[in-house]
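Subject: Structure handover and notes

Hello,

Here is the structure I said I would pass on.

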Amino acid sequence: MGRVYLVGAGPGDPELLTLKAYRLLKEAPVVLYDRLVDERVLALAPGEKVYVGKEEGESEKQEEIHRLLLRHARAHPFVVRLKGGDPMVFGRGGEEVLFLLRHGVPVEVVPGVTSLLASGLPLTHRGLAHGFAAVSGVLEGGGYPDLRPFARVPTLVVLMGVGRRVWIAKELLRLGRDPREPTLFVERASTPKERRVHARLEEVAEGKVEVRPPALWILGEVVRVFAEKEAPVDALALGG
Ligand SMILES: O=C(O)CCc1c2[nH]c(c1CC(=O)O)Cc1[nH]c(c(CC(=O)O)c1CCC(=O)O)Cc1[nH]c(c(CC(=O)O)c1CCC(=O)O)Cc1[nH]c(c(CCC(=O)O)c1CC(=O)O)C2
Ligand SMILES: C[S@@+](CC[C@H](N)C(=O)[O-])C[C@H]1O[C@@H](n2cnc3c(N)ncnc32)[C@H](O)[C@@H]1O
């Protein structure tokens, strides 16, 4: 029975791979990969590549992925299971680890650079944000998240939130978040197709902001620190 490495592919740029991820991709007899894995990363792997990604809403395919993982783990000395960003951040990596361990398959998690961090913005900043949170815009089966625990965090990062951005903005306003708060969408961060869109929370709520998935969405005063549109804030003066 081979080992399964649950590897984070990072946000897209192949140079953001860890050395361990790079080595494992080079040596892997087979790589089972997700939808959001950049083709430049896949090109590094000479072995067999099996696409097991899901389109939006195809969460029921998870059991099929588990069966495929088991089959390949039984057929090879080791297998790489490649997920976008970090496998343990909104990647259903926990489910895959539990399934494999329950079937006696050894697993090793190889963290990757999560897209939460791929914007280059500070998620924390002295005098502006002493903490951050990340939340999924959509729950299993298409449910709506309960945003009450997240409404007051200084920096909030939303993943899988593009389709729900108007609802999320309105809900955060209802929960008391500042309508003029700066926010930033980053489509396809770290790739040549990266596109950054600045918008105040109220503008998003009004449906005025065009964004395409996949994109991360950062809300909070830290957006002002490196913003292009706003007058650049002197970060040093805020440093304290
Ligand atoms: O599940 C996988 O295979 C890998 C992770 C993955 C997910 N969605 C994904 C991917 C593809 C990828 O990142 O490569 C891929 C995914 N899901 C979604 C989007 C769209 C977007 O970013 O705006 C995207 C990215 C689409 C794109 O590739 O551009 C949206 C989404 N998430 C979700 C759903 C509903 C569903 O799948 O049942 C839906 C569809 C909503 C709808 O039908 O209108 C729910 C979802 N999917 C996922 C999670 C994370 C679970 C966890 O906390 O581990 C969650 C949240 C949850 O289940 O509580 C996983
Ligand atoms: C299911 S989550 C997977 C997150 C991934 N495990 C991570 O750690 O980045 C998919 C969502 O992550 C975000 N995402 C993933 N890669 C991205 C990128 N290169 N740029 C912007 N957002 C990205 C988007 O919100 C996308 O809908």
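This is a predicted model: local features need pLDDT of at least 70, side-chain atom pairs count only at pLDDT 80 or more; totals for chains, interfaces and linings use all residues.

Ligand 1

The shell around ligand 1 holds 22 residues, and the closest are Arg35, Leu36, Lys54, Arg92 and Gly141. By class, that shell splits into 8 nonpolar, 7 polar and 7 charged residues. In one, an oxygen atom of ligand 1 sits 2.5 Å from an N or O atom in the side chain of Arg35. In another, a polar backbone atom of Leu36 is 3.0 Å from an oxygen atom of the ligand. The backbone of Arg92 also takes part, with a polar atom 2.7 Å from an oxygen atom of ligand 1. On its own, ligand 1 has 1,100 Å² of accessible area, and the protein covers 81% of it.

Ligand 2

Ligand 2 is surrounded by 17 residues; Val89, Thr114, Ser115, Ala189 and Ala215 are the closest. The shell is made up of 11 nonpolar, 4 polar and 2 charged residues. The side chain of Thr114 places an N or O atom 2.7 Å from an oxygen atom of ligand 2. A polar backbone atom of Ala215 is likewise 2.7 Å from an oxygen atom of the ligand. For Leu216, the pair is a polar backbone atom and a nitrogen atom of ligand 2, at 3.2 Å. The protein covers 88% of the 560 Å² of accessible area that ligand 2 has by itself.

Thr114 belongs to the loop between S5 and strand S6 (132-136). Its relative accessibility is 10%, so Thr114 counts as buried, the limit being under 20%. Apart from neighbours within four places in sequence, Thr114 is in contact with Gly85, Asp86 and Val89.

Helix H4 and Gln62

Helix H4 covers residues 93-102, and within it Gly93, Glu96, Val97, Phe99 and Leu100 are buried. Looking down the axis of H4, these buried residues fall within an arc of 165°, so they line one face of the helix. They pack against strand S1 (3-8), helix H3 (62-75), strand S4 (78-83) and strand S5 (107-110). After H4 comes Gly104, which has a positive phi near 75°.

One residue of H3 to look at here is Gln62. Its relative accessible area is 0%, so Gln62 is buried. The side chain of Gln62 makes a polar contact of 2.9 Å with the side chain of Glu96. Not counting residues up to four places away in sequence, Gln62 touches Lys54, Arg92, Glu95 and Glu96.

Backbone details

The peptide bond from Pro213 to Pro214 is cis, with omega near 0°. Pro214 is placed in the loop between helix H6 (201-205) and strand S10 (215-219).

Phe90 is not a glycine, yet its phi is positive, at about 50°. This residue lies in the loop between S4 and H4. Phe90 has 41% relative accessibility and counts as partly exposed.

Arg188, also a residue other than glycine, has a positive phi near 45°. Arg188 is in the loop between strand S8 (182-187) and strand S9 (195-200). At 39% relative accessibility, Arg188 counts as partly exposed.

Asp38

The last item is Asp38, in the loop between strand S2 (30-33) and helix H2 (39-42). With a relative accessible area of 14%, Asp38 is buried. Asp38 and Gly12 are 26 residues apart along the chain, and their C-alpha atoms are separated by 5.0 Å. Leaving out neighbours within four places in sequence, Asp38 is in contact with Gly12 and Thr191.

Regards

Conventions. Residues are numbered from 1 along each chain as its sequence is written. Chains are lettered from A and ligands numbered from 1 in the order in which they are written. Side-chain values use heavy atoms; hydrogens and water are left out. Buried means under 20% relative accessible area, exposed over 50%, partly exposed in between (1.4 Å probe, protein chains only). Helices (H or I, at least four residues) and strands (E, at least two) are DSSP runs, numbered from the N terminus. The arc is that of the directions from the helix axis to the C-beta atoms. Contact means heavy atoms within 4.5 Å. A residue is near a molecule or strand if one of its heavy atoms lies within 4 Å of it. A polar contact is a pair of N or O atoms within 3.5 Å; within protein, one must be able to donate a hydrogen and the other to accept it, and residues adjacent in sequence count only if both atoms are side-chain atoms. Accessible areas come from the Shrake-Rupley method with a 1.4 Å probe; for residues, only the protein chains shown count as cover. Ala, Val, Leu, Ile, Met, Phe, Trp, Tyr, Cys and Pro count as nonpolar, Asp, Glu, Lys and Arg as charged, and the others, Gly among them, as polar.
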